[in-house]
Amino acid sequence: MDIAENIKRFKEELGNKVELVAVSKTKPIADLQEAYDVGQRIFGENRPQEMQEKAEALPKDIEWHMVGHLQSNKVKYIAPFVSMIHSIDKLSTLKEINKRAKQNERTIKVLLQMHIAEEESKFGMDEEKLTSFLESEKLKNFENIKIVGMMGMATFTDDMDKVRSEFKKLKQIFDQTKANYFNDDPNFSILSMGMSGDYQIGIEEGSNMVRIGSQIFGARN
Ligand SMILES: *Cc1c(COP(=O)(O)O)cnc(C)c1O
């Protein structure tokens, strides 16, 4: 894999309307440095301790995005530096993030993760859960977090019509949520939708942030 070439190719393809999160989980620090050296500044990881180690070793102007499920007891490892957490699906996690962000005198941006795939997955909210989440009084107390949009993963399948219809659904939910709850909040603007195998469909369906791992860094073991 020529990581530098891959980053340049993606930057050119995505232009300035779609943000690139380089998903570097399991990859060594040298690989991230190579991407950094050609201008990549947003990196995605899914394990708090791994992210913490990499953040300590790499330049401080990197924006770290937590893309995987986050357990409350691990928030403390990343709260001092993490820029965005893509995987919020319950209030209890958000409460802990708010508390740790406050201790660090920071604001942490978060995305609400929706469950749109057919696969059984413990993670992500359905529409009913989303409504009760958004209407909870507790949300107003979270002064050190900023809800900036939504994330979702399509079913892992070769059936691209299915992937497309799941992304369409997520875009609809995003638009409705924006209209009903964040109409006068310009921060709510990010739709994180699409990975190596389906990012083109994600963009066609309205994504403005893609999370690309294997197409940049090669397959993971
Ligand atoms: C690993 C991962 C990615 C990147 O996957 P690729 O298929 O390698 O691009 C994107 N999003 C999430 C949530 C991930 O866990």
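Phe-43 is buried, at 0% relative accessibility. The model that shows this is a predicted one. Trp-64 is also buried, at 2% relative accessibility. Both values fall under the 20% that sets the limit for a buried residue.

The aromatic rings were examined next. Across the whole structure, four aromatic pairs are found. Phe-43 and Trp-64 make up one of the pairs, with ring centres 6.0 Å apart. Their planes stand at 35 degrees, so this pair is tilted. A stacked pair would need planes under 30 degrees apart, and an edge-to-face pair planes over 60 degrees apart. The two residues come from separate strands: Phe-43 from S2 (residues 42-45) and Trp-64 from S3 (residues 63-66). Parts of the chain 21 residues apart in sequence are therefore tied together by the pair.

Phe-174 and Phe-188 form an aromatic pair of the stacked kind. Their centres are 5.2 Å apart, and the angle between the planes is 20 degrees. Phe-174 belongs to helix H7 (residues 160-181). Phe-188 sits in the loop between H7 and strand S7 (190-193). The residues are 14 apart, and the pair links distant parts of the chain. Phe-174 has 8% relative accessibility and counts as buried. Phe-188 is buried as well, with a relative accessible area of 1%. Ring pairs join Phe-174, Phe-182 and Phe-188 into a cluster.

Thr-177 has a relative accessible area of 3% and is buried.

Charged side chains lie over rings at two tyrosines. Arg-41 is placed over the face of Tyr-36, 3.5 Å from the ring centre. At Tyr-77, the charged end of Lys-76 sits over the ring, 5.1 Å from its centre.

Neighbours within four places in sequence aside, Ile-62 is in contact with Tyr-36, Arg-41 and Phe-43. Ile-62 is located in the loop between helix H3 (48-57) and S3. With 7% relative accessibility, Ile-62 counts as buried. Val-82 is 20 residues from Ile-62 along the chain, and 9.5 Å separates their C-alpha atoms.

The ligand site was then described. Around the ligand are Val-23, Lys-25, Val-67, Met-153, Met-195, Ser-196, Arg-211, Ile-212, Gly-213, Ser-214 and Arg-220. Lys-25 places a polar side-chain atom 2.7 Å from an oxygen atom of the ligand. For Arg-211, an N or O atom of the side chain is 2.8 Å from a ligand nitrogen atom. For Arg-220, an N or O atom of the side chain is 2.8 Å from a ligand oxygen atom. On its own, the ligand has 390 Å² of accessible area, and the protein covers 89% of this.

Met-153, one of the residues around the ligand, is also in contact with Gln-113. Gln-113 lies in strand S5 (residues 108-115). Its relative accessible area is 6%, so Gln-113 is buried. Leaving aside neighbours within four places in sequence, other contacts of Gln-113 include His-86, Ser-87, Ile-88 and Asp-89. Phe-123, Gly-124, Met-125 and Met-151 are among its contacts too.

The backbone was considered last. Most residues other than glycine have a negative phi. Thr-26 is not a glycine, yet its phi is positive, at about 70 degrees. Thr-26 lies in the loop between strand S1 (19-23) and helix H2 (29-37). Glu-105 also has a positive phi, near 50 degrees, and is a residue other than glycine. Glu-105 is in the loop between helix H5 (91-103) and S5. With a relative accessible area of 75%, Glu-105 is exposed.

Key:
Residues numbered from 1 in each chain as written. Predicted model: local features only at pLDDT ≥ 70, side-chain atom pairs only at ≥ 80, totals over all residues. Heavy atoms only, no water. Phe/Tyr/Trp six-rings, centres within 6.5 Å; stacked < 30°, edge-to-face > 60°. Helix = DSSP H or I, 4+ residues; strand = E, 2+ residues; numbered from the N terminus. Buried < 20%, exposed > 50% of the residue type's maximum accessible area, 1.4 Å probe, protein only. Lys NZ or Arg CZ within 6 Å of the ring centre and 35° of its normal. Near = heavy atom within 4 Å. Polar contact = N/O pair within 3.5 Å; in protein donor to acceptor, adjacent residues only side chain to side chain. Areas by Shrake-Rupley, 256 points an atom, 1.4 Å probe, with all protein chains shown as cover. Contact = heavy atoms within 4.5 Å.
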